[in-house]
Amino acid sequence: MSIELGHFALVLSFALALVQATVPIIGGRLKSEALMRVGEPAAITGFALVALSFAALTVAYVQSDFSVLNVWENSHSAKPLLFKITGTWGNHEGSMLLWVVILAFFGALVAVFGRNLPRSLRANVLGVQGAIGSAFILFILATSNPFARLDPAPMQGRDLNPILQDIGLAVHPPLLYLGYVGFSIAFSFAIAALIEGRIDAAWARWVRPWTLAAWLFLTGGIAMGSYWAYYELGWGGFWFWDPVENASLLPWLGGTALLHSALVMEKRSALKIWTVLLAILTFSLSLLGTFLVRSGVLTSVHAFATDPTRGVFILIILMIFIGGSLALFAWRAPTLSAGGLFQPVSREGALVLNNLLLTTATATVLVGTLYPLLVEAVTGDKISVGAPFFNLTFGPLFLPLLAIVPFGPLLAWKRGDLAAVAQRLFAAFGAALAVTLLVYVIVDRTSVLAALGIGLGLWLVFGALTDLALKSGLGKVAAPVAFRRFTGLPRSVFGTALAHAGLGLTTIGIVAVTTLEVERVVAMQPGESVEVQGHVLRFDGLQPFTGPNYTEDQGRFVLSRATGAKLGEIVSSKRFYPARQMPTTEAGIRTLGLSQLYVSLGDKTPSGALIVRVWWKPMVTLIWLGALVMMAGGAVSLLDRRLRVGAPMPRSKPVTATQGNRA
Amino acid sequence: MTRKQKRLAIIAGALGFLGAAAGLTLYALGQQTSYFYMPSDLQERPVASGQRIRLGGLVEKDSIMRGDDTQVRFAVTDGDHTVKVTYAGILPDLFREEQGVVTEGIFGADEVFVADTVLAKHDENYMPKEVADSLKEKGVWKEN
Amino acid sequence: MLFWIFAAILTVATALAVMRPFMTRKGASAGGAAHDIEVYRDQLDELGRDVERGLIGKTEAEQARAEIGRRILKVSETTEGVAGDDRNRTVVRLVAVVAILAVPLVSWGLYLVTGSPEMRSQPLQARLEQDPSNASVDDLIARAEAHLANNPQDVRGWQVLGPIYMRLGRFADAETALRNIMRLSGESADLQASLGEVIVGKAQGLVTAEAEAAFRAALELEAGNPKAQFFVALARAQEGRMPEARAAWQALAAGQPEGSPWREAVAQALAGSESAEEQGEKETPPGPSSEEVAAAADMTPEDRLAMISGMVAQLDARLRDNPADADGWRRLIRSYTVLNRPDDARAALGRAIEALGADTPESAELVAFAAGLGIAVE
């Protein structure tokens, strides 16, 4: 019964989403308090219903209820419990349901925590959320219903794609969706503001925490996905410029731009129209990402269970929401008033430059991702755009962006003094330069690129530290005072510093691993050794092993330093999942400091030797550690008291400027 | 400068920058994209040796030959024509006979395609989209 | 029934949630301007904190304060629209009624189309615990499988399941079962021979090198094992070494007592081989050289297959250059049939007829020969 109840709850949530999409917005037009108030209970109840529905599906997975088509197609009774649970969203239908659960979750959050929002804005935001929700629930019910039944029920399922039977599936899609879908709130705010025709600095402050939260999760989702692909696919790559990866990078770039432009809008009431447009575009890119991943119109190595017919449905949703919102924007934007003035050299100027570079970079990635579609539509030729294209276009746009990051937080609002800022950053620049030279001379004389890239990353880290030091007055005031000031700094200052430093760390990781990586592909007999970067790896032979729903050949390796010191064992294996008749490669990875040794098994040669691929990946973990630091920055910013503006007392008298000036 | 002039200057600067970015993008699209070919396409439109392309098709049955080192030879076919491919390295887990595959690389002097990338997706029913489309056109492969 | 009660409860709860704002008469909330001013007041507080910490200069602070003050003034000036509940009461009521009715109507209407309310949940564990007497074969197998997944050391379970798999044609599962039995109870000639048979089944009747290895292992353990003898002979036959195969079969039949099922099987096999032979060539064809055969014996199954394929490909190529060779065509067609490549065999037959001439006696003979192998002209 629970399955059908889950199904019913989903249908009911669709009916409710329709109400949520219409009634509060009509209420806003009619200025009817009661109609506008329908939004909150609808959003909260809607979340409860889709959550119930998702729980019912999860229960069906845990109980291996093969009378549910979706469970039969993607589960197996021998699968470990964790993968039964994560398998719920390891397929198209379940992942779309997760998408909707998260959408409803954000809607409910707005309903609960949105008391500081003006009545009509809140009503319109929830209305737009309801519209998005109803479109996607209808999509699920019409084309990808996870509750479709199977009668008679088979006794055994077809198992989950083995690549997905990994802890990565537990973390990556939920994080990614929290990011994708979180931007829907920024989108709803933008549409709500356009419907009302009123937008001001306060709007930016209200939308900022939501954007920040979405950005934080998306950062985590992308990083997790990258690490997952890195260790699970056995190719040792962390980023392939694959369409599905680009689909997640695009909203991240847009969201990063939005975060920065909203800052200008909040402080100076400038860039209003631009910020609203960015909010629309960022979520549009999220929708586009969903479409690309789900439809399979582009060849991707990461796409699972795609279905072109469903793609058409998503394409229609895409066109309605993106086209509709852009039309509304074109109609309403000219009526919005212009904002404050600023000099080109100022905090605002730096943030505008940041936006210019970020959006252009977004555009190049978008062009590179969609160009094959365009060419095929026009000429019928099939082409692929790969890493060389992105390195040539994205690189030159992103490098100057990284170079100017440390300047931004040090510039004053309205009118900044570039020379003074440059002087203050001198120490950071000197330190970064020193390390650059050190890397070049000591580590690798052949790679100027490696030294420069690592220097650039350190420049970001040192720049962030300089910002913190200057803001706490280090060197100008006595040390205890400076320390007190340091601890009293607004959280958002720490957030900025952490995010920028994290970006620097990720840069270092990417540069180091792409320029200094060492790869060996060798055919090894048991007992043979291979040397990589001062480490010796001895192959001890293959051992069969039986897991719960797979069998595997474990290649056992003993790792030691060239000096002879033992570092332990590395196990890398080739698995075989009989339910799907599918092999996978489980890489053996050993972390040594920030670097990793990565061992992946190939096939046997005719003479019985095993092909083994060994990589030395210097400082590779920094790529993901940097992302964690960026996320920490986002989290610290979210805790800033600025983002916790209270709600006014009902029916309070309008406050005058003098009253407000009590600070 | 008046407010209007200043704004114009900024917009002009931004447009110039965007123009440069667009130019770079177009240049890169011209240089850095690789066309997709099936073995039969190569009969109609020969490819100069040294030009980077993607070659797709089915891995021909019984064509996979492993050397004692990491070299692998196999043939990619679309039912009508066949192209020999060599590749050094570890093949994807789902690389199998009579499965769809996309390889990327250049033609050597001896008409053998030297691949540096071999793609097969992580799905057991995987058929790369380009390959599936082309095979459907030829009627070799049908959706079940 | 219970389902409908729960569904009704959910529906009512949802409708109530929509209805709530109309039932509670709450005072109108603060106007939009008040919310904006709350934000600006907070900005002023923040500015004050920044000045205290010395993060911002006096003049900048004054400027910023003035700017925020201007925003507050501007917001205060905008007149608040009066709540319109009174003016649009009928419209509001209409919207409310439609919204509340939409919840049950849309949900029940849609669910009756998409749902299967009569179907119960069927958790696997509960199904396994059902009374076995009214369970289907599939159910019983699944039960045994579930049991073995938890107790893979239970040799009896595998012994029961193995033959069932074999009969159902689930050769891969049967192979797993047999290997488990051998792992748990040790090897025996019968088990090895059955394993070989399963592998033959997996290869759709072709005695592969892997299968033959299993049969040889069986013969090591028990020289007279009839199943192993039979299949080894079949392997010879499939290689085209008919005299050897026939001799082996005859020896097998001679060694069996009257009424043994193996006599029957041998008789059938011999009859089949003779009919194939009659249509086949009279003289022995030039096969692979003895060195090649010796080499093949040491190879892994894949390599052997590769070598055979290679030789067939050579033959194929030679016939393209030199197509007037009826014997060659015959061998090529048979090779493709043995390699389980009927399409190639058909293509070869087509080419042969083209090369030899459609109405020649050679062609007719070839067509008859191919028909014996189950290959018809396209």
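Does Gly23(B), with 10 C-beta neighbours inside 10 Å, count as buried or exposed? In this predicted model, Gly23(B) counts as exposed because 10 C-beta neighbours lie inside 10 Å. The cut-off for an exposed residue is 12 or fewer. Gly23(B) is found in helix H1 of chain B, which covers residues 3-32. Phe113(B) is 90 residues apart from Gly23(B) along the chain. The C-alpha atoms of the two residues are separated by 32 Å.

Chains A and C touch each other. On the chain A side, 77 residues are in contact with 76 residues of chain C. Several helices of chain A each supply at least two residues to this side. Among them are helix H1 (2-30), helix H2 (33-37) and helix H3 (39-62). Helix H7 (119-143), helix H9 (201-232), helix H18 (479-488) and helix H21 (657-660) of chain A also belong to this group. H1(A) gives the most, with 17 residues. By residue class, the side of chain A that touches chain C divides into 42 nonpolar, 21 polar and 14 charged residues.

The largest nonpolar core has 212 residues. Those with the most contacts inside this core are Val19(A), Val100(A), Ala186(A), Phe189(A), Ala190(A) and Ala279(A). H9(A) gives the most to the core, with 20 residues. Val100(A) has contacts beyond its neighbours within four places in sequence. These partners are Val50(A), Gly133(A), Phe136(A), Ile137(A) and Ile140(A). A second, separate core has 32 residues. Trp158(C), Leu195(C), Phe231(C) and Leu234(C) are included in this second core.

Leu195(C) also takes part in a helix pair of chain C. Two packed helices are described by the angle between their axes and the distance between the axes. The axes of helix H8 (residues 171-185) and helix H9 (residues 189-202) of chain C come within 9 Å. They cross at roughly 160 degrees. H8(C) is therefore roughly antiparallel to H9(C), as angles over 145 degrees count as such. The crossing of H8(C) and H9(C) is left-handed. From H8(C), the contact is made by Phe171(C), Ala172(C), Ala174(C), Glu175(C), Leu178(C), Ile181(C) and Met182(C). From H9(C), the contributors are Leu191(C), Ser194(C), Leu195(C), Val198(C), Ile199(C), Gly201(C) and Lys202(C). The residues of this contact divide into 10 nonpolar, two polar and two charged.

Key
Residues are numbered from 1 along each chain as its sequence is written. Chains are lettered from A and ligands numbered from 1 in the order in which they are written. This is a predicted model: local features need pLDDT of at least 70, side-chain atom pairs count only at pLDDT 80 or more; totals for chains, interfaces and linings use all residues. Two residues are in contact if their C-beta atoms, placed from the backbone, lie within 7 Å. Helices (H or I, at least four residues) and strands (E, at least two) are DSSP runs, numbered from the N terminus. Ala, Val, Leu, Ile, Met, Phe, Trp, Tyr, Cys and Pro count as nonpolar, Asp, Glu, Lys and Arg as charged, and the others, Gly among them, as polar. Axes are lines fitted to C-alpha atoms, for helices over the stretch in contact, and angles run from 0 to 180 degrees between N-to-C directions. Angles under 35 degrees count as roughly parallel, over 145 as roughly antiparallel, 65 to 115 as roughly perpendicular and the rest as oblique. A crossing is left-handed if the near helix is turned anticlockwise from the far one by less than a right angle, and right-handed if clockwise. A nonpolar core is a set of buried Ala, Val, Leu, Ile, Met, Phe, Trp, Tyr and Cys residues joined through C-beta atoms within 7 Å. A residue is buried if 20 or more other C-beta atoms lie within 10 Å of its own, exposed if 12 or fewer, and partly exposed in between; C-beta atoms are placed from the backbone.
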